[in-house]
Amino acid sequence: MVRDVNLYVTVPNLFRCPISLDVMKSPVSLCTGVTYDRTSIQRWLDSGNNTCPATMQVLKSKEFVPNSTLQRLIQIWSDSVQTQNDLRVDSAAHSVVTEEEVEVLVKEMRAQKKKVDHLSKFICFAKESEKNCEFLAKFDGFVEMLVGFLDGDKDIDFLERVVRVFAMILNKVGDYKALRLLVLKQNNDGSHDCLSSLFLVLKQGRSVNSRVGVLKIIEAITLDAESKQMLSEKEGFLLELVKLISLEKDPSLIEASLSCLTAISMSKRVKIKLINLKIIAELRKLLTGGQNASVSIIEKALKLLEMVASFREGRAGFCNDAACVEAVMNKVLKVSSEATEHAVMILWSACYLFRDRAAQDAVVKSNGLPKILLLMQSNCSPGVRQMSGDLLKIFRVNSKFDYRLSSYETKTTHIMPF
């Protein structure tokens, strides 16, 4: 059993690492089929061992692969435990909270600085209606109080509840410029305690909802070049965002991370940092993730890839990754009109505008020409049709493509719009 905020929980043995006996954070499987936490098995192998710790079999290979299925099961279990705990605390605090009682609770929190049960009552109050969320957002000094709680506090459970309240009323705050000034306020020593607390929840938060809440808050305050630069220069922040778009993570967390990355990745400086963090490889994994990636995730991944590939280094990284070019080509049809727009723009820029031969070859090898013809005859936008035509012109220039293209055109009769 493990104890989690006064709630005792039995951990399924399947979720425990055979080495550390702790719940696995990043389960990976050896060639023997036994799964371990990545950190524990890496330490075992780095110590010079060449056997499987559980079976003591000699390893034919020391390579290991992520156990994505188990990772998702652990995440679902962890979220359910957190939800049960939240419901237990919330139900203990839950009663019909009136606006007058909210005023009293705010005064008490300002005086006593920190009361988890009061935050639970705010959560219950906000859950009741949009009107209640707006009441909290517009209540004099309430937002400032929440920001104040983020300023220097390191109690992760308390911070998660602050973020949860914050995220619930975020759409009702209105003045994001004032919020940006509050959250990104610099201390005399040059530090940003609020930002550090948000980053702590993002890295160590037990609830997916609180981590998604952090990303929504950060996206909301990313309003200008200064805020984008400040966030991108926060040590470890970009790396954490890139890690969060792994297919092993919760879909809502992946989607929020992609949105946040898109919001802060306008400058070339940030894009270069992302290239160095292997963002193109991670986006390729999302695009080839099959049913694990939703339409919304595919759209956001393509949008971010379009931004990253809009400058020289990013374009080179994309064009030299044939699997990524093929993945984008495969998303031209059958996803959504928005995904089509982004995918065609990426291919048009690489193959037509900058005439990259590696990208052109990858498109042809992935049977891309028939797909472009299908797209031109579908119910696509004028802009997509024009870019598709430009792409075909490029491939016509090379005579070795002419026969294949002409042959396919004569066989094409009727195309159903997607």
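Helices (H or I, at least four residues) and strands (E, at least two) are DSSP runs, numbered from the N terminus. Helix H1 is followed by Gly48, whose phi is positive, near 100°. This is a predicted model, in which local features need pLDDT of at least 70 and side-chain atom pairs count only at pLDDT 80 or more, while totals for chains, interfaces and linings use all residues. Residues are numbered from 1 along each chain as its sequence is written, and side-chain values use heavy atoms, with hydrogens and water left out.

**Overall make-up**

- The protein has 23 helices and 5 strands.
- It has 418 residues, and 49% of them count as buried. Buried means under 20% relative accessible area, exposed means over 50%, and partly exposed lies in between (1.4 Å probe, protein chains only).
- Take the contacts (heavy atoms within 4.5 Å) with a separation of 6 or more: residues 24 or more positions apart account for 65% of them.

**Helix H1 and its surroundings**

- H1 spans residues 38–46, and Ser40, Ile41 and Leu45 are buried in this helix.
- Seen down the axis of H1, the buried residues fall within an arc of 130°, so they line one face of the helix. The arc is that of the directions from the helix axis to the C-beta atoms.
- Arg43 and Asp46 are exposed on the other side of H1.
- The cover over the buried residues of H1 includes strand S3 (27–29) and strand S4 (35–37).
- Ser40 belongs to helix H1. Its relative accessible area is 8%, so Ser40 is buried.
- Ser40 is in contact with Cys17, Ile19 and Ser20, leaving aside its neighbours within four places in sequence.

**Salt bridges**

- The structure holds 11 salt bridges. A salt bridge is a side-chain nitrogen of Lys or Arg within 4 Å of a carboxyl oxygen of Asp or Glu.
- One network of salt bridges links Asp157, Glu160, Arg161 and Arg206.
- H7 covers residues 156–173, and the two partners lie 4 residues apart, about one turn of the helix.
- An α-helix has 3.6 residues a turn, so residues three or four places apart point the same way.
- Arg161 is buried, with a relative accessible area of 3%. Asp157 is buried as well, at 12% relative accessibility.
- Asp157 also forms a salt bridge with Arg206, where the closest N and O atoms are 3.8 Å apart. This pair links distant parts of the chain, 49 residues apart: Asp157 is in helix H7, and Arg206 is in the loop between helix H9 (193–204) and helix H10 (208–221).
- Arg206 counts as partly exposed, at 31% relative accessibility.
- Glu282 and Lys285 meet through their side chains in another salt bridge, at 3.4 Å from N to O. Both lie in helix H15 (residues 279–287), 3 residues apart, about one turn of the helix.
- Glu282 counts as buried at 18% relative accessibility, whereas Lys285 counts as partly exposed at 42%.

**Packing of H4 against H5**

- Two packed helices are described by the angle between their axes and the distance between the axes.
- Helix H4 (residues 116–128) packs with helix H5 (residues 130–138) at an angle of about 130°, and their axes are 5 Å apart. Axes are lines fitted to C-alpha atoms, for helices over the stretch in contact, and angles run from 0 to 180 degrees between N-to-C directions.
- H4 and H5 are therefore oblique to each other. Angles under 35 degrees count as roughly parallel, over 145 as roughly antiparallel, 65 to 115 as roughly perpendicular and the rest as oblique.
- H4 contributes Phe122, Phe125, Ala126 and Glu128 to the contact, and H5 contributes Asn132, Cys133, Phe135 and Leu136.
- By class, this contact has 6 nonpolar, 1 polar and 1 charged residues. Ala, Val, Leu, Ile, Met, Phe, Trp, Tyr, Cys and Pro count as nonpolar, Asp, Glu, Lys and Arg as charged, and the others, Gly among them, as polar.

**Lys249**

- Lys249 sits in the loop between helix H12 (237–244) and helix H13 (251–264).
- Lys249 counts as partly exposed, at 24% relative accessibility.
- Lys249 touches Lys243, Leu244 and Ile254, not counting residues up to four places away in sequence.
- The C-alpha atoms of Lys249 and Gln75 are separated by 8.0 Å, although the two are 174 residues apart along the chain.
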